Amino acid sequence: MTSITHSKSWIKLKKHHDEFSNSHMRDLFNDDPDRFNKFNLQFDDLLYDFSKNIVSQDTLNLLYDVAKEAHLSDWVNTLFNGEKINFTENRAALHIALRNRSNKPILVDGKDVMPEVNAILEKMHLFSEAIRNGKTKGCTGKKFKTIVNIGIGGSDLGPAMVCNALKSYGHKDITPIFVSNVDGSDISQALEKCDPETTLFVIASKTFTTQETMTNAFSAREWLLNELSNEDAIKHHFVAISTNESAVKAFGIKADNMFTFWDWVGGRYSLWSSIGLSIAIYIGMDNFEDLLLGAHEIDNHFKNEPLEKNIPVTLAMIGIWYINFYNYNTLSVLPYDQGLSLLPSYLQQADMESNGKFIGRDGKKVCLHTGPIVWGEAGTNGQHAFYQLIHQGTDIIPTDFIMPIKSQYKIGRNGEKHHKILFSNFVAQSRALMLGKTEDNVRAEIKDNEGNKNIEEMIPHKSFEGNRPSNSFLFKELNPKSLGRLLAIYEHKVFVQGIIWNINSFDQWGVEYGKQIASLVLPVLDQNTQADNFDSSTDHLINYFKKNI
């Protein structure tokens, strides 16, 4: 396949960048008072404002032309039709089927997957409600009060992020805890919070062989048996989300407590599947289905809307503009809602594990930058940490601001004030990044506030270049449906960028390689001899560890 960089649209876009790149957003706004109305998109109550970007209408038109020349619409159909788009693993990538609330047939190898999807959702419904209403109890007859989800990657990040975001919807007598790190302190600190009689463990591992997950699972198993001295406790207190029935049975988990999913469910897209069982137990199945519905609505929007009205496509192509033409290779995600504090971590995996690739679909090394470095923190905390670098640092960092208009919580008479202060910071930061502060502005400001002392010395320190791009997402409130919409927007944005870069966004061989080497090191740690099979650094690190353990 010819690289997109050799396409007519890319060459035109490069020429446009050469002519347009010195534009300042201050001037773009001054020259067009109607700029916001031309550079925003809405979906129901969700507003996507992309006016604070270094783009013109010509820029957008050329970006959409690139998408067309990359045959994006054909790739979208390939995704939604259940074709094996993840060709290195010979799998479809059908997370869209998991939230297909219209229930239209979706085929994989000629078979409609929806009956099986719906059957698992119904099983999740019955099980989660039985836990929530106390019908299903622990082995000593007590209701479950703590759900410990043991997984890693998407089996942890997704459920943990959603439960944190939708805490106000959570069952008042149930506490979710998430364990992922193989570091023993993670499971130990979790178990310190648990009463064995009222704790349910959800073991999330497709193969039921994932090293980190199963090490934690067996430690939890040992703890429960020691605390309750009852072999039947495993059958009552453990649930498996897996495809490996024999391993699940060998662990001691009964068949009724096993929830399956399919090889076309990638880990970072798995919260929509039975991996979301912890979510369903905590917020209730009705709310879990609203989460699915919100994502399904965006799936339909993404599939059906023209490029210029398509939120994920526009978000993705503006990202391409910065990464590949300006060499702005990071993305900061800044949610102004404490409930969304885990969203940046979740999106790190969604983006960086998907598009952190240097080999194209044709097996050749790509000739352009792929996969931004994604990071962030909930506002306003980040303002007192790293925003200084975003405003005045030598790296330009495109930024996504995200905020619900209404808070999930009411805090006495000051509740509204809290949220107004939060919003004032949300909107002020994007304006400050766009506008900057000229030397004349600083000079006038100092004269007004500090007299004439050391004016010229202070001017460089208090000046801001501005022209630092951002997107803003506003929606009415953070609820299951709005969260589902937001997550699906970012999923499809990542997919679009992968198509432009001609990479497979659905495999993760880099992750697997690290696991391979770890499996070689582990046996050496149990040997009495010195390590000498690796490079000198690795050997010495192993030997130092063995000497001092």
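Let me start with Asn 90, which is found in the loop between α5 (72-80) and α6 (95-98), where helices (H or I, at least four residues) and strands (E, at least two) are DSSP runs numbered from the N terminus. Asn 90 has a positive phi of about 55° although it is not a glycine, and in general most residues other than glycine have a negative phi, and most peptide bonds are trans. At 52% relative accessibility, Asn 90 counts as exposed, given that buried means under 20% relative accessible area, exposed over 50%, and partly exposed in between, with a 1.4 Å probe and protein chains only.

Before I go on, please keep in mind that this is a predicted model, in which local features need pLDDT of at least 70 and side-chain atom pairs count only at pLDDT 80 or more, while totals for chains, interfaces and linings use all residues. Residues are numbered from 1 along each chain as its sequence is written, and side-chain values use heavy atoms, with hydrogens and water left out.

A second residue of this kind is Ser 229, with a positive phi of about 50° although it is not a glycine. Ser 229 sits in the loop between α10 and α11 (233-237), and at 65% relative accessibility it counts as exposed. Ser 229 follows helix α10, so let us look at that helix. Helix α10 (residues 211-228) has 18 residues and reaches 26 Å from its first C-alpha to its last, close to the 26 Å expected at 1.5 Å a residue, where the expected span is 1.5 Å times one less than the number of residues. Among the buried residues of α10 are Met 214, Ala 217, Trp 223, Leu 224 and Leu 228.

Now to the strands, and here two strands pair if DSSP finds at least two bridges between them. Which order do the strands of the open sheet of six take? The order is β1-β2-β13-β12-β10-β11, with mixed pairing. At the edges stand β1 (40-43) and β11 (373-376), each with a single partner strand, so one side of each is left without a neighbour in the sheet. Direction ignored, neighbouring strands of this sheet are turned by 15° against each other on average; axes are lines fitted to C-alpha atoms, for helices over the stretch in contact, and angles run from 0 to 180 degrees between N-to-C directions.

Helix α16 (residues 343-355) packs on the sheet, touching β10 (330-335), β11 and β12 (399-406), and its direction makes about 175° with that of β11; contact means heavy atoms within 4.5 Å.

At the β1 end, β1 and β2 pair in the antiparallel sense over four bridges, and Leu 41 has Tyr 48 in β2 as its bridge partner. The hairpin of β1 and β2 has two residues between the strands, and in it Asp 44 takes a positive phi near 55°. Strand β2 (residues 46-49) in turn pairs with strand β13 (residues 470-477) in the antiparallel sense over three bridges, with Ser 472 in β13 as the bridge partner of Asp 49. In the loop between β11 and α17 (387-392) we find Thr 380, and the peptide bond from Gly 379 to Thr 380 is cis, with omega near 10°.

Elsewhere, four bridges join strand β7 (residues 199-204) to β8, which run parallel, and Ile 203 has Ala 240 in β8 as its bridge partner. Strand β8 also pairs with strand β9 (residues 258-259) in the parallel sense over two bridges, and there Ala 240 stands opposite Met 258. Residues of α1 including Trp 10 and Phe 20 meet residues of α15, among them Trp 321 and Phe 325.

Not counting residues up to four places away in sequence, His 492 touches Phe 80, Ile 96, Arg 99, Ile 298, Asp 299, Phe 302 and Pro 312.
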